[in-house]
Amino acid sequence: MQIDIHARDVVLTEGLRSHVKRRLQFAMSRFQRRGLRIKVRLSDVNGPKGGVDMHCHLQICITGLPDILVEDTEANLYSAINRAAERAGRTLQRQFARDLE
């Protein structure tokens, strides 16, 4: 599994980078042999104004299947990452279940 992380208007610390990788590896653990490529975009929508504006965008690329896009916006960036990773794992599970039918 290849994870590519980009941040816009957010400081991408090593702790944040490792959190993203850890959450995605956990959520996608059963699909790692499928050659997943995940593009992560983290951003602060409103800048210094505050509010529910921390955004996590995931694009999951799987050979032979359409890309899967998952987005989440929360007040806390870690929460947005957690929810997006969970939703992406469930979406992948449904996609592969459909392909096996």
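**Salt bridges and overall architecture**

In this predicted model, the side chains of R83 and E74 meet in a salt bridge, with a distance of 2.9 Å from N to O. E74 counts as buried, since its relative accessibility is 19% and the cut-off for a buried residue is under 20%, whereas R83 is partly exposed, with a relative accessible area of 42%. R83 also forms a salt bridge with D72, in which the closest N and O atoms are 3.3 Å apart. Because D72 belongs to strand β4 (residues 68-74) and R83 to helix α2, this pair ties together parts that are 11 residues apart in sequence. D72 is buried, with a relative accessible area of 6%. Together with R87, the residues D72, E74 and R83 are linked in a network of salt bridges.

A search of the whole structure finds four salt bridges, and one of them joins E86 to R23, with the closest N and O atoms 3.4 Å apart. This pair links distant parts of the chain, given that E86 lies in helix α2 (residues 77-100) and R23 in helix α1, 63 residues apart. E86 is partly exposed, its relative accessible area being 39%. In general, side chains of opposite charge can pair when their charged atoms come close.

Helix α1 comprises 14 residues (residues 14-27), which at 1.5 Å a residue should span 20 Å, and this agrees with the 20 Å that separates its end C-alpha atoms. The buried residues of α1 are L16, H19, V20, L24 and A27. Seen down the axis of α1, these buried residues fall within an arc of 120°, and they therefore line one face of the helix. The face turned away from this buried side carries the exposed residues E14 and F26. In the loop between β1 (2-8) and α1 lies D9, which has a positive phi of about 65° although it is not a glycine. D9 counts as exposed, because its relative accessibility is 61% and the cut-off for an exposed residue is over 50%.

The secondary structure of the protein comes to two helices and four strands, which follow the pattern β-α-β-β-β-α along the sequence. The radius of gyration is 14 Å, close to the 13 Å that the globule rule gives for 101 residues, so the protein is as compact as a globular protein of that length. Along its principal axes, the C-alpha trace spans about 50 × 25 × 20 Å. Buried residues make up 41% of the 101 residues, and the protein exposes about 6100 Å², of which carbon and sulfur atoms supply 47%.

Conventions. Residues are numbered from 1 along each chain as its sequence is written. This is a predicted model: local features need pLDDT of at least 70, side-chain atom pairs count only at pLDDT 80 or more; totals for chains, interfaces and linings use all residues. Side-chain values use heavy atoms; hydrogens and water are left out. The expected span of a helix is 1.5 Å times one less than its number of residues. Buried means under 20% relative accessible area, exposed over 50%, partly exposed in between (1.4 Å probe, protein chains only). The arc is that of the directions from the helix axis to the C-beta atoms. The radius of gyration is taken over C-alpha atoms; the globule rule is 2.2 Å times the number of residues to the power 0.38. Accessible areas come from the Shrake-Rupley method with a 1.4 Å probe; for residues, only the protein chains shown count as cover.
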